[in-house]
Amino acid sequence: MMASGPAVARLADDAIRAGRQSSLAACPTITAIDVHAAAAAGDPLAVEIVAAAGRALARAIHGLVMTYDVERVIVGGGVAGAGRP
């Protein structure tokens, strides 16, 4: 809900509609790929959104690990390939 590709794109779109400044405003339709690329280029709004998504994902993984005592967590999906930012 917070770290999926559509959620990341929605957060960016909502922020721009609310008047936040970002290079993402030039995108006709914002995607998670656009947000991650803008974050990698240093766009402050995109960095904020990617960081928030990362924190949400980390909290979810932490909860799973603590609840089920798993040894390994594999993250998949499109956002998993986004890279370092």
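Predicted model: local features only at pLDDT ≥ 70, side-chain atom pairs only at ≥ 80, totals over all residues.
Along the principal axes, the C-alpha trace of the protein spans about 45 × 20 × 20 Å. Of the 85 residues in the protein, 27% are buried, where buried stands for under 20% relative accessible area. When contacts between residues at least 6 apart in sequence are considered, 42% of them join residues at least 24 apart.

An α-helix has 3.6 residues a turn, so residues three or four places apart point the same way. After H1 comes Gly19, a residue whose phi is positive, near 105 degrees.

Helix H3 covers residues 44-68, and the same reasoning can be applied to it: because 25 residues at 1.5 Å a residue should span 36 Å, the distance of 36 Å between the end C-alpha atoms of H3 agrees with expectation. At the start of H3, the backbone nitrogen of Leu45 has a side-chain oxygen of Asp43 within 3.0 Å. Leu45 is itself buried, as are Ala46, Ile49, Val50, Ala53 and Ala56 of H3, and the elements that cover the buried residues of H3 include H1 and H2. H3 is followed by Asp69, whose phi is positive, near 55 degrees.

The largest pocket holds about 170 Å³ of space. This pocket is lined by 11 residues, of which His36, Val50, Gly54, Leu57 and Val79 are the closest to its centre. Helix H3 gives the most to the lining, with 4 residues, and Val50, named above among the residues closest to the centre of the pocket, is also one of the buried residues of H3. By type, the lining of the largest pocket divides into 8 nonpolar and 3 polar residues, with no charged residue present.

Key: Residues numbered from 1 in each chain as written. Heavy atoms only, no water. 1 Å grid on protein atoms, 1.4 Å probe; cavity = no way out; pocket = protein on both sides within 12 Å on 5 of 7 lines; lining within 4 Å. Points joined across faces, edges and corners; volume = space filled by probe spheres on them. Helix = DSSP H or I, 4+ residues; strand = E, 2+ residues; numbered from the N terminus. Nonpolar A, V, L, I, M, F, W, Y, C, P; charged D, E, K, R; others polar. Expected span 1.5 Å × (residues − 1). Buried < 20%, exposed > 50% of the residue type's maximum accessible area, 1.4 Å probe, protein only. Contact = heavy atoms within 4.5 Å. Polar contact = N/O pair within 3.5 Å; in protein donor to acceptor, adjacent residues only side chain to side chain.
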